[in-house]
Amino acid sequence: MSVTGQHSDLAPLVERGRASFAARARWNVLEVAFWLAALATVFLLPSKHLILTEIAILALFALSLDLILGYAGIVSLGHAAFFGFGAYVAGILAKYGIIKEPVLALLASGIAAAGLGFVTSFLVLRGSDLTRLMVTLGVALVLREIANQLEITGGADGLQGVVMEPVLGHFAFDIFGKTAYVYSLIVLFVLFVIARRIVNSPFGLSLRSVRGNSLRASAIGIHVNGRLVAVYTIAAAYAGVAGALLTQATQFASLSVLDFERSADVMLMLIIGGTGYLYGGMIGAVLFKVVQDYLANVTPQYWHFWLGLMLVMMIMFGRVYGAIIAAAIFGICTILKLGFMHSIIFTVALVLVMGIARPHILPITAKITEHANALQRSVRARFARKGE
Amino acid sequence: MPPVLETKGLDKHFGGIVATDNVSLAVEKGARHALIGPNGAGKTTIINLLTGVLRPTAGTIFLEGRDITNLEPHKRVRLGIARTFQINQLFADLTPLETIGLAVSERMELGRQWWRLTGSKSIVVEESVDILSRFNLADVMSERTGTLPYGKQRLLEIALAIACRPHVLLLDEPAAGVPEAERHGILDAVAALPSDVTVLLIEHDMDIVFSFADRISVLVNGALFVEGAPEEVATDPRVKAVYLGEEAHA
């Protein structure tokens, strides 16, 4: 360009640029805290290892969906296809003694699911969100019916007689689920680290650009479809590993691994936690499972009602306030010991009032958020000063 | 020497509508070539045909003597055609640094690397920062693109095309929608484009066209109407009749 001889002044800018890129990839305090908390559950909650294992597996599954939805903008209502495929592959490998060692079987299941992901990725390249929803849903339905009809999958009875060898030949699965939980958590962590690496790479950056504006992405030389195929294949591998973990942890695989509900639930978890920062799916999985577990204990006949209410409120008032409002309504109904019909009437009336009052409530929540952010900034500044 | 960019008998029909009608255009190396015409003359359609967003109904496109008519858009970029858009097409969630860094990485064929961290290659950061500072974007390079003022976004729109290091740059109304106060920044950036980059400019604003272009093609109803040096076009009575008359340019 015409302006030259500026290079001597560029050095500090280059430094700033490098720091700006590096900042994105650096582990922050909250992330470290998240994983330390996860590690702590191994020792502090030994009686909860079964549900924690399930949470870790769902977290991995949701992480997989985040890779395609949060980073590449591909919506899917059939992500259970890969989860279920991985689950059955792991089950069949173990049952027929093809690959006995769990970690190797897990890898094999992931690779098999990646193969399925690669083949079906070409179906989601074209079209709008709606066509993608339909196509992914269709693929999962087809797969479920195949699993239902085949003999090797055990059909409607599920895959029985799966017996797992010790992990790496040393760590046998125990009845308290400790081995299964530690094993699942390690797999989740390793795959998370890899995913984190991927999204902070030039490839990950190109995915975000494709999600943001695929027209422009192709106008700067990015092969958009190639990138979508790649990320869909990777995400399928992740989902397949999650499914395989479930089979290995429960020593059983049934048609439920391919259910529509599984695809819908994982979407809910990701939406609850938020897309595009990798932790959303994992946080969503924890919340979803904990809330589900709690509600199913307290109001076993109609816990879906409360979950639904929470989702509606989250959409109306944002994630945090929606959850708080839903919890408040639930709390009031519980304290007043309202039955199902009364709870519904009370809630519907309240939702109507909230709907009308929404324009007045939103400024209040916005103000609270503003104060919270200011507080967060000042705390962070204090931390930064300490570090110097 | 053959033209850098050439079309032969380019046609584009949308159903019964003829958007591009037998356009044979030749753009010489290093040229500052402007494509003008009244609204709906089919200027942007031609850009879309040249970049591969649209496929022509008939005709061929040559880039540096090579037939690129059926090449996918991203492959044309790699061969040296880059464009800007009339309406900003940016990545709102990325920072300008990430945006330019992405284009530079892609050009260096690093875009499929999934293990290396973005920004770990010094040459990518250095070149990105260099481009950003040349377009006066260095001070906002770590802010979210979506929050930048329109004028800055418009500069990024051009900087992003430049980051592809094109042989031929297609500028689609670079100053469109830019407030008067920020306009000179855009025009300076356009004027400062490297002289070895061939520029095809689409523009409504006659001041910009006549101050910038060394050759002008006039498009009317999808067909090439007149082509020549600026002074020829400005004095051509037919052009005055269809076009310049309504722009009140003497």
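Student: What is the average pLDDT of chain A, and how many of the residues score at least 70?

Tutor: This is a predicted model, so start with confidence, on a scale from 0 to 100. Chain A averages a pLDDT of 88, and 96% of the residues score at least 70. For chain B the mean pLDDT is 89, with 97% of its residues at 70 or more. The model as a whole scores ipTM 0.90 and pTM 0.89.

Student: In chain A, where is confidence lowest and where is it highest?

Tutor: Among the elements of chain A, look at two helices. Helix α15 (residues 340–387) of chain A has the lowest confidence, at a mean of 80. Helix α10 (residues 224–250) of chain A has the highest, at 96.

Student: Over which residues of chain A does pLDDT stay under 50?

Tutor: First the general idea. Where pLDDT is low, the predicted coordinates should not be read in detail. In chain A, pLDDT stays under 50 over residues 1–6. The model has 7 contacts beyond four places in sequence for that stretch.

Student: Into which domains is chain A divided?

Tutor: Domain 1 covers 29–295, and domain 2 covers 314–387. Taken over C-alpha atoms, the centres of domain 1 of chain A and domain 2 of chain A are separated by 31 Å.

Student: How many residues does each chain bring to the contact?

Tutor: Chain A brings 33 residues and chain B brings 43 residues. On the side of chain A that touches chain B, the elements giving two or more residues are α1 (7–25), α7 (178–199), α8 (202–212) and α9 (214–219) of chain A. α1(A) gives the most, with 9 residues. By class, that side of chain A has 16 nonpolar, 13 polar and 4 charged residues.

Student: What describes two packed helices?

Tutor: Two things: the angle between their axes and the distance between the axes. Angles over 145 degrees count as roughly antiparallel.

Student: Which residues of α3(A) and α10(A) make the contact?

Tutor: On α3(A), they include A:Ile57, A:Leu60, A:Phe61 and A:Leu67. On α10(A), they include A:Val231, A:Tyr238, A:Ala242 and A:Leu245. The contact of α3(A) with α10(A) divides into 20 nonpolar, 2 polar and no charged residues.

Student: At roughly what angle do the axes of helix α4 (residues 80–95) of chain A and α10(A) cross?

Tutor: They cross at roughly 50°, and the axes come within 6 Å. That makes α4(A) oblique to α10(A). The crossing of α4(A) and α10(A) is right-handed. Among the residues making the contact are A:Phe82, A:Gly84, A:Gly86 and A:Ala87 of α4(A), and A:Ala236, A:Gly240, A:Gly243 and A:Thr247 of α10(A). By class, the contact of α4(A) with α10(A) has 12 nonpolar, 7 polar and no charged residues.

Student: Now chain B. How far apart are the axes of helix α5 (residues 150–163) of chain B and helix α6 (residues 180–191) of chain B?

Tutor: The axes of α5(B) and α6(B) are 10 Å apart, and the packing angle is about 10°. That makes α5(B) roughly parallel to α6(B), because angles under 35 degrees count as roughly parallel.

Student: Which residues meet there, and how do they divide by class?

Tutor: B:Gly151, B:Arg154, B:Leu155 and B:Ile158 in α5(B) meet B:Glu182, B:Gly185, B:Ile186 and B:Ala189 in α6(B). The residues of the contact of α5(B) with α6(B) divide into 4 nonpolar, 2 polar and 2 charged.

Key:
Residues numbered from 1 in each chain as written. Chains lettered and ligands numbered in written order. Predicted model: local features only at pLDDT ≥ 70, side-chain atom pairs only at ≥ 80, totals over all residues. Contact = placed C-beta atoms within 7 Å. Helix = DSSP H or I, 4+ residues; strand = E, 2+ residues; numbered from the N terminus. Nonpolar A, V, L, I, M, F, W, Y, C, P; charged D, E, K, R; others polar. pLDDT = per-residue confidence, 0-100. Domains from an automatic or database assignment. Axes fitted to C-alpha atoms, helices over the stretch in contact; angles between N-to-C directions. Parallel < 35°, antiparallel > 145°, perpendicular 65-115°, else oblique. Left-handed = near helix turned anticlockwise from the far one by under 90°.
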